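Please go through the sequence and the structure below before reading on. The notes that follow are grouped by topic.

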Amino acid sequence: MVSVQQWTGREASALRAALRMSMRAFAEHLGVALRTVAKWESLGAETQPRPDTQAILDTALARAGSAAQARFEAMLFPERKSARSANYETWTEDIERAVVCISRQDFPFASTLLNRWLGSRAPQQLDDKGRYLYGRSLVLLGDLQRDQGAILGPLSARHSYLTARGMFTELDIPRRVAQIELSLAVVQEMSGEWESSARHYELLAGDQRLSPRDRARARLWVGTALSKEGDNEYATNVMTAATRAFEDLGEPEDWSVAHQKLALAHRGAGDLKQALHYIGIARTTGTVDSPMQRVRLDTAYGHILLSDAATRNDGMSVLDQAAQVARQYGLSHQLRSIEGIRKGQQG
């Protein structure tokens, strides 16, 4: 927070303007005479308030909201605003680069890009723009931690998401808050809390804070959680509805992923013919060839092949390839899933 060593009429007038108060309202806010405020306005730096009034102004500045404090600083120190804007532009560029790195599973460089800002900034000392960028960086850090399988604990996706949710709640950005709640539901599902994550997804599927695409994704994930619970019939119905929504929205990649999820639900229901049909569509229509998506698709395909004695060896070979890629890119959660499938087959 900016502080004032010695108040003059100039700083007092800047505080009034930053608080967006009339002279009369400002005088009442401080508990001083209107003529005192008028004197500050007319004489500026040539007049200094009395010591007791200096303390009153200190308190008024300290109690001002972050937006008012930012306006106060910008009026008194325009050069700081210019430097901060340039700094924020660089921060925004690093966030955009981190998004690309995470999509490619280049976790080390993404971590470097994010932590250079998160490690050097205290959010309580930032203005609203800075806190927004801090929150965005935390969400991406959570995505990175989630993809690496660090989902619980103090250095986990859940912790990063919760901290970011608190910041966006304070900033009053409902869309960002809802998106984080969707990510927290994913963490629940990854932790094995399938029933509670399904309920969470169900609520978010109708949440108007989210975009139509995110609501359709929530609906799809209701199905994935229920499928893991063994409720494959209902899961298939929900996933089919989500698939139609992705087609209506013109989202080809989500549409392809939905077929992958449908394939696993049919495998769980024992319908291997339909499972192979849907996984075939997913394998031929996917448009994003990231290591994560390759591992997920091969894991699903291998799981289905393993379910038939005639294709069991092929399934094991596909899972071996998926495990190799998962190890190469540090996809710990995916690797654990593959090991779980193998153990289930051996059992």
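Gln5 sits in the segment before H1. This is a predicted model, in which local features need pLDDT of at least 70 and side-chain atom pairs count only at pLDDT 80 or more, while totals for chains, interfaces and linings use all residues. Residues are numbered from 1 along each chain as its sequence is written, and side-chain values use heavy atoms, with hydrogens and water left out. Helices are DSSP runs of H or I with at least four residues, and strands are runs of E with at least two, numbered from the N terminus.

- Gln5 is exposed, at 74% relative accessibility; exposed means over 50% relative accessible area, buried under 20%, and partly exposed in between, with a 1.4 Å probe and protein chains only.
- Between Gln5 and Leu264 there are 66 Å in space, C-alpha to C-alpha, and the two are 259 residues apart in sequence.
- Trp7, in the segment before helix H1 (9-19), is buried, with a relative accessible area of 0%.

**Aromatic rings**

- Six aromatic pairs turn up in a search of the whole structure. Rings of Phe, Tyr and Trp (its six-membered ring) pair if their centres lie within 6.5 Å; planes under 30 degrees apart count as stacked, over 60 as edge-to-face and the rest as tilted.
- Trp7 and Phe72 form a tilted pair, with 5.9 Å from centre to centre and 35 degrees between the planes. Phe72 belongs to helix H5 (residues 66-76), so this pair ties together parts that are 65 residues apart in sequence.
- Phe72 is buried, at 0% relative accessibility.
- One aromatic cluster is formed by Tyr88, Trp91 and Trp117.
- The face of Tyr301 has Arg283 over it, at 3.8 Å from the ring centre. A charge sits over a ring if NZ of Lys or CZ of Arg is within 6 Å of the ring centre and within 35 degrees of the ring normal.

**Helix H2 against helix H3**

- The axes of helix H2 (residues 23-30) and helix H3 (residues 34-43) cross at roughly 120 degrees and come within 8 Å. Axes are lines fitted to C-alpha atoms, for helices over the stretch in contact, and angles run from 0 to 180 degrees between N-to-C directions.
- H2 and H3 are therefore oblique to each other. Angles under 35 degrees count as roughly parallel, over 145 as roughly antiparallel, 65 to 115 as roughly perpendicular and the rest as oblique.
- H2 and H3 make a right-handed crossing. A crossing is right-handed if the near helix is turned clockwise from the far one by less than a right angle, and left-handed if anticlockwise.
- Met23, Arg24, Phe26, Ala27 and Leu30 of H2 make the contact with Leu34, Val37, Ala38, Trp40 and Glu41 of H3; contact means heavy atoms within 4.5 Å.

**Helix H7 against helix H8**

- H7 and helix H8 (residues 128-147) have axes that come within 10 Å and cross at roughly 150 degrees.
- The two helices H7 and H8 are therefore roughly antiparallel, and their crossing is left-handed.
- On the H7 side, the contact is made by Phe107, Ala110, Ser111, Leu114, Asn115 and Leu118. On the H8 side, the residues include Tyr134, Leu138, Leu141 and Asp147.

**Helix H15 against helix H16**

- Helix H15 (residues 272-285) and helix H16 (residues 291-306) cross at roughly 160 degrees, with axes that come within 10 Å.
- This angle makes H15 roughly antiparallel to H16, and the crossing is left-handed.
- Leu272, Ala275, Leu276, Ile279, Ala282 and Arg283 are the H15 residues that meet H16. Their partners in H16 are Leu297, Ala300, Tyr301, Ile304 and Leu305.

**Leu262 in helix H14**

- Leu262 is part of helix H14 (residues 252-268) and is buried, with a relative accessible area of 2%.
- Not counting residues up to four places away in sequence, Leu262 touches Thr236, Met239, Thr240, Thr243 and Tyr278.
- Leu220 is 42 residues from Leu262 in sequence and 9.3 Å from it in space, C-alpha to C-alpha.

**Positive phi in loops**

- Gln105 is not a glycine, although its phi is positive, at about 60 degrees. The loop between helix H6 (78-103) and helix H7 (107-118) holds Gln105, which is buried at 5% relative accessibility.
- Asp172, another residue other than glycine, has a positive phi near 60 degrees. Asp172 lies in the loop between helix H9 (157-170) and helix H10 (174-190) and is exposed, with a relative accessible area of 60%.
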